[in-house]
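Subject: Structure handover

Hello,

Please find the structure below, followed by notes on what was found in it.

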Amino acid sequence: MLQGLGEVDEGDDHSWEKLEKDILEATAENINQKLSKLTEIVWEKVINRLAMESRGKEKKIIEKKGIKRSHESGGPSSVGEEKEEYCLVSKQKRQKTSANQKKQKTGNKKEKKKTKTRTKKNPYIGKNPIVEFTALGLEPPPDMPEEFKSRIKTLGGTEINLVIQKFLQVTDLNPSQGRLLMPSNQLRSLCLNEDEQEKCMIGIGVQAVLVEPSLEVSNIHLNRWLVGSSYSYVLNSQWNEVVKKYAGGLKPMVVVQVWSFRVGPKSKLGFALIKVRDGKMVV
C-alpha cells in the first residue's frame, strides 16, 4: 500500500521511505503507536504540501504579471509606478496651470490697480469732454480774453468763433506727430469757404494766421487728415515750433481753446491759441 511513496519524498527527517520502513518493522504491541505517528506525520506533510503549492501559485502569478507589466511599459516599472508617474505629471500640469492663473489674476489686479491710479491722477481721461469741462466749470466755455480780442482787432480781424476746447494729449505734443488734433465730433464751429473746404478735402490744406498764447503772430496750416477710422482737422506745419516755444506751458492735460477769425479784405483765415487751464502730467 505504501509502495511509490518515495517519489514524493520531501527530503526532511520524516521521509516517506523511513516511515514505510518503520511501519513494516512494527510489532503488534506498538502498531497503534506507529499508526498515530503515521497520522501525525501525514497531516504535517499534507499541510506543508498545500502551503508550498499555494506559494508556488502566487509566485507564478507575480512572475506572470511582472512579465506583462515589463512588456507593456518597456521596463521593470510596475503598473502602480506607471500610474503614480502619470498622476504626478497631471498634478504638475494642474499646478502649473494654477500658478499661471494666479499669476494672471495677480497681473489683472495690478493692471486694474494701475488703471485706477491713472484715473485718480487724471480723472478726465476717457470721458466725454463736455462732462469733463462741466465738472471743471468750463462748460459753457469761457469767453475769449480781452487781450486776444484786442490783438485780433489790431490785425483787422472779425468773425471770431470758438473752434474747439480740448485737453492737450501726449500725441499733440509729440514732434513725430507734428500736429494739433481737432476731432470733427468735438468741433464747436469751423466756418470754411468753398475754396478752403475743397483744399482741405483733397489734402492740400490752407495757410492761416496764428495768434500765439503770448499774443505774438505767426503762421499755421490747417488740413484734414484721416485719423483712425474718421477724419479730423489738424493744425500742422509750424505746430512743432509752437510746442517748442511754449514747452513750459503746453503740457498734457492742459486745457486749450482754438478760435477762428477772418483778416483783411480777402477774409484770410486766422486762428488764436489760448491756454485756459493747467493740467496734470500723464503718468
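Along the sequence, the chain follows the pattern α-α-α-α-α-β-β-α-β-β-β-α-β-β, with seven helices and seven strands in total. Helices (H or I, at least four residues) and strands (E, at least two) are DSSP runs, numbered from the N terminus.

This is a predicted model, in which local features need pLDDT of at least 70 and side-chain atom pairs count only at pLDDT 80 or more, while totals for chains, interfaces and linings use all residues. Residues are numbered from 1 along each chain as its sequence is written, and side-chain values use heavy atoms, with hydrogens and water left out.

The seven strands form an open sheet in the order 1-6-7-3-4-5-2, with mixed pairing; two strands pair if DSSP finds at least two bridges between them. Strand 1 (157-167) and strand 2 (180-183) are at the edges with a single partner strand each, so one side of each has no neighbour in the sheet. From one strand to the next the twist averages 30 degrees. Strand 1 runs antiparallel to strand 6 (residues 255-263) and is joined to it by eight bridges. In this pair, Leu162 stands opposite Trp259.

Helix 5 (residues 146-154) packs on the sheet and touches strands including strand 1, strand 3 (206-211) and strand 7 (268-277); contact means heavy atoms within 4.5 Å. The direction of helix 5 makes about 165 degrees with that of strand 7. Axes here are lines fitted to C-alpha atoms, for helices over the stretch in contact, and angles run from 0 to 180 degrees between N-to-C directions.

Salt bridges

The whole structure has 10 salt bridges, each a side-chain nitrogen of Lys or Arg within 4 Å of a carboxyl oxygen of Asp or Glu. One of them joins Arg188 and Glu139, with the closest N and O atoms 3.0 Å apart. Arg188 is in the loop between strand 2 and helix 6, and Glu139 in the loop between helix 4 (129-135) and helix 5, so the pair ties together parts 49 residues apart in sequence.

Asp172 and Arg179 form another, also with closest N and O atoms 3.0 Å apart. Asp172 is buried at 1% relative accessibility, and Arg179 is buried at 5%. Buried means under 20% relative accessible area, exposed over 50%, and partly exposed in between (1.4 Å probe, protein chains only).

Within helix 5, Lys149 and Glu146 are three residues apart, about one turn of the helix, and their side chains meet in a salt bridge (3.6 Å, N to O).

Regards
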